[in-house]
Amino acid sequence: MEEKKQVRVVAAVIHKNTAEGKKIFATARGYGEWEGWWEFPGGKIEAGETPEEALVREIREELAVTIRVGSFIRTVEYDYPKFHLSMDCFWAGIAEGELVLKEAGDARWLSVGELEDVDWLPADRILLPDLVSQMETTTVS
């Protein structure tokens, strides 16, 4: 049996408080095999970077904002058909700038009740129960 390629990435669960309650930011892939599927923004960790440094860099590149990385949520492990994904997930807040979609095809701020309204990538879907359980108590300083 052939060993799958290992891909290590980071994902930001960017959140904000609104009059309607806490919301999290999700993006739809704008390209590739999974185009149109929803995910938490982020990307690959480059050599020499910590996961937190990679997350700040990736979000700046993809969304043109600077984020504050908050607490670690969990690492999601998932076997896609062509590779194994290891995704370190963190809470985050916007520190500076306005969100600009540079790579994503679409984006939405979702409340807990709206999380099932989009078609999540399989690895990102695994994270949803953690978000529901932590959403009301999580803050980013």
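**View A. Salt bridge between Glu46 and Arg57.** The side chains of Glu46 and Arg57 form a salt bridge with an N to O distance of 3.6 Å (salt bridge: a side-chain nitrogen of Lys or Arg within 4 Å of a carboxyl oxygen of Asp or Glu). Because Glu46 lies in the loop between β4 (42-44) and α1 (51-63) and Arg57 in helix α1, the pair ties together parts that are 11 residues apart in sequence (helices, H or I, of at least four residues and strands, E, of at least two are DSSP runs numbered from the N terminus). Arg57 is buried, at 13% relative accessible area, whereas Glu46 is partly exposed, at 45% (buried: under 20% relative accessible area; exposed: over 50%; partly exposed: in between; 1.4 Å probe, protein chains only). The model is predicted: local features need pLDDT of at least 70 and side-chain atom pairs pLDDT 80 or more, while totals for chains, interfaces and linings use all residues. Residues are numbered from 1 along each chain as its sequence is written, and side-chain values use heavy atoms, without hydrogens and water.

**View B. Salt bridge between Asp130 and Arg74.** The side chains of Asp130 and Arg74 meet at 3.1 Å, N to O. This pair links helix α2, which holds Asp130, to strand β5, which holds Arg74, 56 residues apart. Arg74 is partly exposed, at 28% relative accessibility.

**View C. Salt bridge between Lys82 and Glu33.** The closest N and O atoms of Lys82 and Glu33 are 3.9 Å apart. Lys82 lies in the loop between β5 and β6 and Glu33 in the loop between β2 and β3 (38-39), so the pair ties together parts 49 residues apart in sequence. Both residues are exposed.
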